[in-house]
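Please consult the sequence and the structure alongside the text.

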Amino acid sequence: MVIETPQYPFFEWLPLSLMSFLLVCGSLLAVALVFGYLVAALRHGPIRAFTITARAIADGMVDLVSISPRRVMALTWLSIKDSIRRRVVVVFGVFILIILFAGWFLDPGSTHPLRLYISFVLPATSYLVLALVLFLSVFSIPADLKSKTLHTVVTKPVHASEIVLGRMLGYIAVGTIILAVMGTISYVFVLRGLNHKHIVTQADLESVGTTQEAPDGDSEAPQSTGMQKGISGRDHGHRHEVRIKADGRGILERTHDHWHPIVRKTENGETTYEVGNPEGMLVARVPVYGKLRFVDRQRKAAEKGINVGDEWAYRSYIEGGSLAAAIWSFEGITPEAFPKQLPVEMTLGVFRSYKGDIEKGIPGSLLVRNPKTGLTVEAKIFRATEFETDIQNIPKEFTITPSNVYYLDAIKVSEAEKHANEEKDAKDEKNAQTAQADGEQEAGEQIASYKRREAGDDIKNKGKLDLFEDLVDGDRVEIWLQCLAPAQYYGAAQADLYLHAKDASFFLNFVKGYFGAWMQMVLVASFGVMFSTFLSGPIAMLATVGVLIGGFFRTSVIEVARGENYGGGPAESIIRIFTHQNVTSEANPGLQTDVAQMCDAVIQHCLGIAARLLPEFGQFSCADYLAYGFNISSTWISEHGLTVLAFFFVLFVLGSFILKTREVAR
Amino acid sequence: MSRNRSFRRKIIYLVLIGLLLPALYVLGHPEAQSTEDAKGSRGGWLAQIRSEQKLSQAQLGEIDPTSETIKLATFGLRPIAANLLWHKAIECKKKKDWTNLSATLNQLTKVQPNIIEFWRFQGWNLAYNCSTEFDDYRQRYRWVIKGIEFIKLGQNYNDREPRLLSNIGWIISQKIGRADEHKQFRKMFREDDDYHGMARSKSERDNWLVGKEWYQKAEDLVDTEDVPITGDSPLIFRSKRPMCQMNYSEAIEEDGTFGEKAKTAWETAESEWYELGQLAIPTTRIDPTTKKPLEIRLGDRERHLEKAAEMSKEIDSFAPGLRKKILDEKRAKLTAKQLKAMNTPPPERSEEQYRIAAEAEALLVVTDKEVAGKVEGKNRSRALDLAKQARLERERAKMTNSYRSIVNYDHWLLRAQVEQTDNLLTARRLVYEGDEAFASGNLPEAGEKYRDGSVAWMNVLAQFPQLIPDRDTAEQVDHVISQYQKTLDQRDELFPADFALAPFVQIQVADANETPPARDFAKKAQKALAEGDLDAARASFRDSIAAWNKVLAAVPSLRLLSDRKTVKEITDLTRAYAAVLKNTGQPFPENFGLESFIWVQVEHDALTQAARKAADKATAVLDKKKPSKEELAAADKGFQQSLADWRKVLDKFPSAIADKSIADELMMTIEHYKQVLQKQDKKLPEKFILQDVVDRYGKAKKS
């Protein structure tokens, strides 16, 4: 699975995010206070404005701390009833319609059917719920104002914060219920859609295996071993290779991300084959990711591998038949976590610079290295399969041969070399720093390269090496990937090789996948209610949709704000569009361009601030984890959950203050 | 606002709607089919235009309810949806997310089912671009099939589109049949039950034949449904089917199928090219009489030329001898320079003479018009009319010829005719069997097959000499020679003296860039020698040898003596060079360029074999502790015989003295001879037969 944005461990992420959160909140508060004071000063004079501002803060604080759960619950229930009155159930009808017609879009012959189904149901559900919650939340308070219902409510002893919180929680509750029902329907849809059985008949199979002599020893008539192989019938756009063992049990070999069990049954002289349901498809693998770095063809530490000309530079390539390698450093490798073996799973890129043997994959090897002692063993030789998960189990014990065990000693950068690096020009220095940052830190020192040293007799005489005793340092181990075919290349990114620790429950993973959609829904509801406290319904909707779109395209907006895109800022781009100018060439010099660029500077600054305040909606979707069969980690859930909570809190406070300052609420 | 005003406004709206309805009906009411009970109608104005332009969904192809629903559901935002989906598809491809690429294309098919370029582009994208992203050829094949199926789906939505049918034919034939993995692809295609279903037998599952079926469908659509050909010119469009048959015939031979099946395949190919030659092909020129595109038939060129020749003959019959008279008059007007250029044989002409001769030849052309213009009497008008018609016939023939060259008609037709001959079928079978034997390491059989294959190929070239300049033929003959050479090389053998393809090797030598300078330098050297200028002769010989060395690189089979005539020419040259060096008192240089070429000849010379045999026998005496006098005398005689043979070898190949490996062997033999002499209390004779060798290498050995 492609992971373009690396995920930080929770306790590394928390302080950074908390600091950023407090900074933004403080800035917002400061801006709000200054703005409030200025408005009050214009209306009531500077001294009175001070008193008014102070009172507003004090009242707001009191309002916030004196929230009554009972009143909030009552208002939440009111919102739920309000939603039911607005026929939210219609959305179910739309959803059922979509599910009914989904079969027309989903290719049953897809090589990765789970990915296809998940990437359909999850976004479909998510978008529907987001649209529903958007409509409910943005029109609620404006409708109350229009129908004067809010005037009746504010005559009661209810705080503005309770109204806002009640609305938010109400719509979140409605969204949650809808999401839960849709999730259940989707789960059944996915299970039913993926479930299939192939037909296997006697005619599809042929007997294999060494034929044995008849027991009497005289007859030369061969006897069947009972082993069979063949091709299954076609279902869901694919067939499987069938292998049945002598005892009548076998499997339909793995293809399209699954396999089936098969049992041969003979009754009354008639042989039938019973094929089981697909297995290995609905999984939630728990991966242990390592930190990736590279060494070049001379085994020198390198920031990256080679770029083979791919437009998408996600994978970095290593040259075959050389000393170049991609190195993953793993932590947490203990006998308890991996009692039987070290299951390495890889999805490598392959780049051929010449055709070679078309019928065979490009060979490669996996080395296991002790990061402390440098003791290295050639653990596996394999042929790469592209765009498929290749499973290589590294055993716990290795038999030593004259050439498979040696040391890869780390050569550390000397102080003198470091000093020499500092003397280089700015560009080189920057590169060196980046390389250092990405290079291995071993005992606090950076590694420049590796040198091979033959293992001594003490090692060779052992006969066997133990993975945990000899190659794991504490809980750390390194796995080196090398390509063995000269002038051919392997491509790898950090998430392309991991250790498959265990399998979690697919159902729970499915629920977690919907939790991602739920978080998006919470954000939309919160933004919708917040905007509706001071904007009319349609305008609040536009604002929320704007936040939604901005949030989904946050990265692009930030690129525009930073001026990293082609064609200049918004104003310059408009000129280019109308004058048919190439985006890559310099804009025509002149007053027009100067003015446009000045406007862009202001727009980009504002865009930058706005984009940084927006939640990155796309990040809350974890459909890929689910679709690719990876467990959604608790770290992911906690980090994103906390982010949503932070947004919710800020939007609630903001909404409460705004509603409180409106005339109607007084 | 009072209730009355509101009510009045509603009434106005209703009236307006009522007024608009008839107009809308006239414009847009749909077409209705006639039934038994009711007469149909042509529909409103819009329906009629749509029907005339064949734009209604029913006329375009299959109606897909999903697609129609989605088109309606997008509320006019279909182009935006299509744009977003295209963007997503491009992004998916960039990020190699094949599952979502398929899903996105699936969605796009519903959004723009009648955009032909969409189907063509994405079908090609799947079959050609996406497939190559996979390392495993089996997955590549799957994506090629995906691409084919994709365009097939498009064909269902657009069943009046020959371009899509043609595209399917192209991918099935060219992608499967020409990819790097074509051997594997063709095999998988034959065994792909899922693609073919059970209706098509395995023998019919050749990709070229299946591709041809799709081209045939495209042609049928054009011929029977009156659908215009778009995208391709009519000639290219029609030539794809016979080309598929040609490729099929070639491919089955590549797979090892010969005999009747291959013969029939080539016969079919010939008949299909012939059929193409009979088809009326519209040209870009407008016929002045009909004001329609002028039509030609590729097979009619000869007929046009014959007709023109007959007309010229008839014109000549009106005034016998007139044409020659005009020609003589024209010749008389040529300048001396022009005459000289024309009289110089073409190989000896300078560049300027070539140009002048070409101009002069153009001036000497006597046209029918010129002849007819001078015909007197009652036949004059007939002659002028004939001259005009003959010109038109020749123009038509010229145009036909240029259209033939677009599809290489002459070449393919000739090829189809030649390939079905027994000689070529035998040649191909023998070469195939030779390749198989070579690949399995059975070199004796491979050599035999290549030798017989060479004979068969030579028979083909003798039967069809027009094939000799053909590049494809040259490549195939070269394959036989180079494979035969590899086989002989590994067995340490030479080409037989009567090697059948030696004349072809001579052509290869003649075509090599360095041959003319090599021969020019040799001529210069001989001239200088005749003039007694030894230094100039030596320099020219050296240049000639350097040029011949490059020729040997271009025609490597010569190193194993594939053409004895050329070999003799080069060897004689080295002898002459050696003689000049000897006369100027210079030793033959070690690395003069052709040492390995000469070494091969020395190694395989009978005298060398005899010299070695005699020396080996004589050397055996040295292993004995106390050889008898008789034995020593016999050894002495043996050595003398050996050295005499070596002398003859060195006289035959004087440059061999510079060859280090030969020199080492000779010095070793001389050393052994000395030992035998010593044991007989003798010394080397004063006039030693190989004194030149001793002089050249003796000191070096001592030092």
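## Helix packing and chain contact

Helix α3 covers residues 69-85 of chain A and helix α7 covers residues 160-194 of chain A; they pack at about 50°, with axes 7 Å apart. Their crossing is right-handed, a term for a near helix turned clockwise from the far one by less than a right angle, anticlockwise being left-handed. Helices here are DSSP runs of H or I with at least four residues, numbered from the N terminus. Axes are lines fitted to C-alpha atoms over the stretch in contact, and angles run from 0 to 180 degrees between N-to-C directions.

The model is predicted, with pLDDT of at least 70 needed for local features and 80 or more for side-chain atom pairs, while totals for chains, interfaces and linings use all residues. Residues are numbered from 1 along each chain as its sequence is written, chains are lettered from A in the order in which they are written, and side-chain values use heavy atoms, without hydrogens and water.

Contact means heavy atoms within 4.5 Å. Among the contact residues of α3(A) are Arg71(A), Leu75(A) and Asp82(A), and those of α7(A) include Glu162(A), Leu169(A) and Tyr171(A). The residues of this contact comprise ten nonpolar, five polar and four charged. Nonpolar covers Ala, Val, Leu, Ile, Met, Phe, Trp, Tyr, Cys and Pro; charged covers Asp, Glu, Lys and Arg; the others, Gly among them, are polar.

| Helix pair | Axes come within | Crossing angle |
|---|---|---|
| α1(B) (residues 3-28) and α2(B) (residues 45-52) | 3 Å | roughly 10° |
| α24(B) (residues 471-490) and α25(B) (residues 502-511) | 11 Å | roughly 115° |

Helix α24(B) is therefore roughly perpendicular to α25(B), and their crossing is left-handed. Ala474(B), Val477(B), Asp478(B) and Ile481(B) of α24(B) meet Phe504(B), Val505(B) and Gln508(B) of α25(B). Five of these contact residues are nonpolar, one is polar and one is charged.

An automatic or database domain assignment divides chain B into domains that include domain 1 (3-33 + 40-53) and domain 2 (76-232). The centres of domain 1 and domain 2 of chain B, taken over C-alpha atoms, are 43 Å apart.

Between the chains, 23 residues of chain B and 28 residues of chain A take part in the contact. The buried area is about 2,300 Å², with 52% from carbon and sulfur atoms; buried area is the accessible area (1.4 Å probe) that two parts lose on being put together, summed over both. Thr99(B), Asp135(B) and Asp194(B) lose the most area in chain B, together 27% of what that side buries.

Key
Helices (H or I, at least four residues) and strands (E, at least two) are DSSP runs, numbered from the N terminus. Angles under 35 degrees count as roughly parallel, over 145 as roughly antiparallel, 65 to 115 as roughly perpendicular and the rest as oblique.
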